[in-house]
Amino acid sequence: MKLISMIVLGVILAVVLGFVALAQKSKNGAPPGLNNDGVLTPCPSSPNCVSSEEGAPESHAIAALPLSAWDRLPALIQEKGGRVVALRNDYIGAVFSTPLMGFVDDVEFRKGETEVHVRSASRVGHSDMGANRKRIEALRVAL
């Protein structure tokens, strides 16, 4: 019984340390920014990303924000717990961190002619349990 308890404890410790290492890895880097075509970088195949850019697969697609939101976004990002790390006339890059482990997600906005395109993606891992989609919808509601 003692051996089984030690094995279970060891497995739990390994899992926790794995998550801590992954959270630390996510803290390196920056939002990807605009690609050579002047649009937000496409989402990877993993389900931890949403994008309003044309051509986003249905599983990643999310509606763009109204153009009228642009000037309010930097303050709203901070109000919702994010940090603006890049601010230009046509681009806003921000980061959000999860409260418990500090996993970093990149949230980006591109000012288009008629709307504000958005991309929100986790830096590491595969699934985000819908966190990026929920974040963008919460910003939409707050606007």
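These are my notebook entries on what I looked up in a predicted model of one protein chain.

**Entry 1: the overall layout**

I began with the secondary structure and found three helices and six strands in the protein chain, which follow one another along the sequence in the pattern α-β-β-α-β-β-β-β-α. I then looked up burial, and buried residues make up 36% of the 143 residues. The accessible surface comes to about 8500 Å², and 60% of that surface belongs to carbon and sulfur atoms. Among the contacts with a separation of 6 or more, 56% are between residues 24 or more positions apart.

**Entry 2: the core**

Which residues have the most contacts inside the largest nonpolar core? I noted that this core has 16 residues, and that Trp70, Leu73, Ile77, Ile92, Phe109, Val116 and Ile136 are the ones with the most contacts inside it. At least two residues of this core come from each of helix 2 (73–79), strand 4 (91–97), strand 5 (104–111), strand 6 (115–122) and helix 3 (131–142).

**Entry 3: salt bridges**

A search of the whole structure gave six salt bridges, and I looked up some of them one by one. In general, side chains of opposite charge can pair when their charged atoms come close.

The side chains of Arg110 and Glu53 meet at 2.7 Å, N to O. This pair links distant parts of the chain, since Arg110 is in strand 5 and Glu53 is in the loop between strand 1 and strand 2, 57 residues apart. Are these two buried or exposed? Arg110 counts as buried because its relative accessibility is 14%, and Glu53 is buried too, with a relative accessible area of 9%; the cut-off for buried is under 20%.

Arg119 and Glu108 form another salt bridge, at 3.5 Å, N to O, with Arg119 in strand 6 and Glu108 in strand 5. Arg119 counts as buried at 6% relative accessibility, and Glu108 counts as buried at 0%.

For the salt bridge between Arg88 and Asp90, I noted 3.8 Å, N to O. Here Arg88 is partly exposed at 44% relative accessibility, and Asp90 is partly exposed at 32%.

**Entry 4: a surface patch and a loop residue**

Leu3, Ile7 and Val11 make a nonpolar surface patch of about 310 Å². Leu3 lies in helix 1 (residues 2–26) and counts as exposed because its relative accessibility is 61%, where exposed means over 50%.

Last, I looked up Ala61, which lies in the loop between strand 1 (49–51) and strand 2 (65–66) and is partly exposed at 28% relative accessibility. Leaving aside neighbours within four places in sequence, Ala61 is in contact with Ser51, Ala56 and Arg133.

Notes
Residues are numbered from 1 along each chain as its sequence is written. This is a predicted model: local features need pLDDT of at least 70, side-chain atom pairs count only at pLDDT 80 or more; totals for chains, interfaces and linings use all residues. Side-chain values use heavy atoms; hydrogens and water are left out. A nonpolar core is a set of buried Ala, Val, Leu, Ile, Met, Phe, Trp, Tyr and Cys residues joined through side-chain atoms within 4.5 Å. Buried means under 20% relative accessible area, exposed over 50%, partly exposed in between (1.4 Å probe, protein chains only). Helices (H or I, at least four residues) and strands (E, at least two) are DSSP runs, numbered from the N terminus. Contact means heavy atoms within 4.5 Å. Accessible areas come from the Shrake-Rupley method with a 1.4 Å probe; for residues, only the protein chains shown count as cover. Patches are made of residues with over 30% relative accessible area and no salt bridge: like charges are joined within 9 Å, nonpolar side chains (Val, Leu, Ile, Met, Phe, Trp, Tyr) within 5 Å. A salt bridge is a side-chain nitrogen of Lys or Arg within 4 Å of a carboxyl oxygen of Asp or Glu.
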